[in-house]
Amino acid sequence: MSNAPRLRADRSHLPLIAAATGATPSRRPVWFMRQAGRSLPEYRAIRAEHGMLESCFDAEMVCEITMQPVRRHDVDAAILFSDIVVPLKAAGVDLDIVAGTGPVIAEPIRTEADVTRLPRLAPEAVGAVARAVELILAELGGDTALIGFAGAPFTLASYLIEGGPSRNYERTKAMMHGAPVVWNELMGRLADITIAFLRVQLDAGVDAIQLFDSWAGMLSAADYARFVAPHSSRVLAEVAEYGVPRIHFGVGTGELLAPMAHAGADVIGVDWRVPLDEAARRVGPGKAVQGNLDPTMLFAGDDVVDREIRRVVDDGDRAIAEGAVGHIFNLGHGVLPGTDPDVLTRAVDLIHRL
């Protein structure tokens, strides 16, 4: 077990950490999912010469890409540049990230024998990630938080079973219901991988972690509670000893906000479909909320961006009145590739002034 301190004394005052833990932040914290990459020309210049997975396993490159939006936008948190399949690749799963498609698995997992062959993650296999965290923290200094992250077991399972992105997740749901013993064995092994990956980042010094269950919104509340929540709960419980804020996020999870909150996170990410004050009622008191500007609004012009930011800020204030301990401004999902970076910079400035 780790002997990591609850919070480093020189980091607990940071706006994101304060908002996540019920303290009063010096300004409303804001960061954007997928801020490290996609829309930034300086990121595209790097990727023109280097593949996605190559970039994720190069400590200096991870540091540079992670820092780019911090320098440009003055966001209150950097999020480690990586991909949710990085720990699978590091463990030895044969996969690639295909441009325009996403992760593609060479040999999908469909049987009990396939699950048995799933390798475990040795911490040294992601040593470059630990080195990247140390480099980033040295460059961040004392003004900005660093968020580590991992994919939740369900989302990892869906890629492994389907062989890549899916529209209906028919094979995944078939295993859940048709072979629940195999399903739970797979989810347990993926929880182990996720825990190991998060611990590497936490031991290296990240200030918070976010668990992405990107595709959990494809599930009913009953299926989530039975087949997914126990494994996500174990992941979150196994890193609780570090004492840093734990954020939990999924897309299309409005009907799952309560069970996701019960899984043990300190902050619940909310996509754009549910207002933050309603989300706070579903989540219940004692947790912070994060979100939830629709990413497409950033294409609608300055007046619309201004109006929608103010609406989200007002919803965040009402969420706090409903019992949320704080509000972290974010998009309801990731920055879209065609987003004008200058719009993001102006958005951060406005959020900090409100």
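The legends below describe close-up views of a predicted model.

**View 1. The buried face of helix H13.** Helix H13 spans residues 276-283, and its buried residues are Leu276, Asp277, Ala279, Ala280 and Val283. These residues lie on the same side of H13, because the arc they cover around the axis is only 155°. In an α-helix, with 3.6 residues a turn, residues three or four places apart point the same way. Just after H13, the chain reaches Gly284, which takes a positive phi of about 95°.

**View 2. The packing of H13 on H14.** Two packed helices are described by the angle between their axes and the distance between the axes. For H13 and H14, the axes are 7 Å apart and the packing angle is about 30°. H13 is therefore roughly parallel to H14, an angle under 35 degrees being counted in that class. The crossing of these two helices, H13 and H14, is right-handed. On the H13 side, the residues in contact are Leu276, Asp277 and Ala280, and they meet Val312, Asp315, Gly316, Arg318 and Ala319 of H14. Sorted by class, the contact of H13 with H14 comprises four nonpolar residues, three charged residues and one polar residue. Leu276, Asp277 and Ala280 are also among the buried residues of H13.

View 3. Gly286 is placed in the loop that joins H13 to E8. With a relative accessibility of 52%, Gly286 counts as exposed, since the cut-off for that class is over 50%. When residues up to four places away in sequence are not counted, Gly286 touches Gly323 and Val325. Ala324 is 38 residues from Gly286 along the chain, yet the C-alpha atoms of the two are separated by 5.7 Å.

**View 4. The crossing of H14 and H15.** Helix H15 comprises residues 341-353, and its axis comes within 11 Å of the axis of H14, with a crossing angle of roughly 40°. That angle makes H14 oblique to H15. The crossing of H14 and H15 is right-handed. H14 contributes Asp302, Val305, Asp306, Ile309 and Arg310 to the contact, while H15 contributes Val343, Arg346, Ala347, Leu350 and Ile351. By class, the contact of H14 with H15 holds six nonpolar and four charged residues, and no polar residues.

View 5. Ser82 is found in the loop between strand E1 (77-79) and helix H5 (86-91). Its relative accessibility is 11%, so Ser82 counts as buried, the cut-off for that class being under 20%. Apart from neighbours within four places in sequence, the contacts of Ser82 are with Met52, Cys56, Phe149 and Phe197.

**View 6. Gly205 at the loop between H10 and E5.** The loop that holds Gly205 runs between helix H10 (180-204) and strand E5 (208-212). Gly205 counts as buried because its relative accessibility is 10%. The C-alpha atom of Gly205 is separated by 33 Å from that of Thr296, a residue 91 places away along the chain.

Definitions and conventions. Residues are numbered from 1 along each chain as its sequence is written. This is a predicted model: local features need pLDDT of at least 70, side-chain atom pairs count only at pLDDT 80 or more; totals for chains, interfaces and linings use all residues. Side-chain values use heavy atoms; hydrogens and water are left out. Buried means under 20% relative accessible area, exposed over 50%, partly exposed in between (1.4 Å probe, protein chains only). Helices (H or I, at least four residues) and strands (E, at least two) are DSSP runs, numbered from the N terminus. The arc is that of the directions from the helix axis to the C-beta atoms. Axes are lines fitted to C-alpha atoms, for helices over the stretch in contact, and angles run from 0 to 180 degrees between N-to-C directions. Angles under 35 degrees count as roughly parallel, over 145 as roughly antiparallel, 65 to 115 as roughly perpendicular and the rest as oblique. A crossing is left-handed if the near helix is turned anticlockwise from the far one by less than a right angle, and right-handed if clockwise. Contact means heavy atoms within 4.5 Å. Ala, Val, Leu, Ile, Met, Phe, Trp, Tyr, Cys and Pro count as nonpolar, Asp, Glu, Lys and Arg as charged, and the others, Gly among them, as polar.
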